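Here's a quick briefing to read with the model open beside you. Have a look around first, then come back for the notes.

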Amino acid sequence: MSTPILVIGALGNVGAETVKQLQRKGCAVRAADIHPEKITARFGAAVEAVRFDFTDPKTYEATFKGVEKMFLLRPPHISNVKRDMFPAIDAAKRAGVQHVVFLSLIGIEKARIVPHYKVEQYLKALHLQTTFLRCSFFMQNLNTTHRQEIQERSEIFVPVGNAKTSFVDVRDIGAVTARALTETGHAGQNYDLTGSEALDYWQATNILSETLDRKIIYRNPNLIHFFFNTLRRGTSLAFAIVMMGLYTSTRFGMAEPITAEVERLIGRKPITFKEYTQDYKDAWL
């Protein structure tokens, strides 16, 4: 029996795409998330589903046993990575995990306040083989995090001013991740993953408006208004602070650069924002 490739957060945007790509390659996949029954319902019995919770050490043994390569991400609700993530990473190394592909952020070198930076540094300190996928903002944030405001209020409510964002589709990230986990030459590499175009949110909402055949407005609140509005909507204080840090970095151009890494790594051009809106149109109807 071949060694399974572990995908942490298999029900998330990037995790799910990674599982799909690995399945297409015929790999043995161990998919880990809070609800293993949902994993089986989504991917079928061919994928080994395990329950995994960063904050529950009882889930570590079954998750990491026999694994040499894994995909790792930081769940959005975890802000204290030293307390809530590092013990699981320690357990992975003890179990024999050698290569970790970690979902990080573009411009991380200039955004050391965000938790991803601490995770990168910790993985290096443990002397694990690493591949850091430093991604720009996901297109799919608009059909998940921002779905309700687009669907119900026909608006996007983010405080980034005139800044442009080189949105990247998670399907492209999943394709890169699968290659990094199954091919040689990716250990020790850092990949800045972006789409092929940088759009400001007025341009993004114009494209959304055309796709949905109704006007979508970019509200562009100031940072303080955004912060308190986010709290009122039920977001935790810790996550609201992380979001403030990310959007502040975006406001200063962190997410604007465009790279050719996606095309170089997967051999085709990245999915465009317009293609994404057409593919996910039903999410906002």
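Predicted model: local features only at pLDDT ≥ 70, side-chain atom pairs only at ≥ 80, totals over all residues.

Residues are numbered from 1 along each chain as its sequence is written, and side-chain values use heavy atoms, with hydrogens and water left out.

**Overall fold**

- Along the principal axes, the C-alpha atoms fill a box of roughly 55 × 35 × 35 Å.
- Buried residues account for 54% of the 285, where buried means under 20% relative accessible area with a 1.4 Å probe, protein chains only.
- Of the contacts between residues at least 6 apart in sequence, 75% join residues at least 24 apart (contact means heavy atoms within 4.5 Å).

**Pockets**

- A pocket here is an open set of points on a 1 Å grid where a 1.4 Å probe fits, with protein on both sides within 12 Å along at least five of seven lines; lining residues have an atom within 4 Å of a point.
- The largest pocket has a volume of about 970 Å³, that is, the space filled by probe spheres set on grid points joined across faces, edges and corners.
- Its lining runs to 34 residues, with R74, P75, P76, F138 and N141 nearest the centre.
- Elements giving that lining two or more residues are α1 (13–24), β2 (29–33), β5 (99–105) and α11 (237–251), and α11 gives the most, with four.
- The second largest pocket holds about 310 Å³ of space; its 14 lining residues include T145, E149, R233, T235 and M243, which lie nearest its centre.
- For the second largest pocket, α7 (147–153), α10 (223–232) and α11 each give two or more lining residues.

**Helix α6**

- In α6 (residues 115–125), P115, H116, Y117, V119, E120 and L123 are buried.
- Their cover includes β4 (69–72), α4 (81–84), α5 (86–95), β5, β6 (129–135) and α11.
- After α6 comes H127, with a positive phi near 60°.

Notes
Buried < 20%, exposed > 50% of the residue type's maximum accessible area, 1.4 Å probe, protein only.
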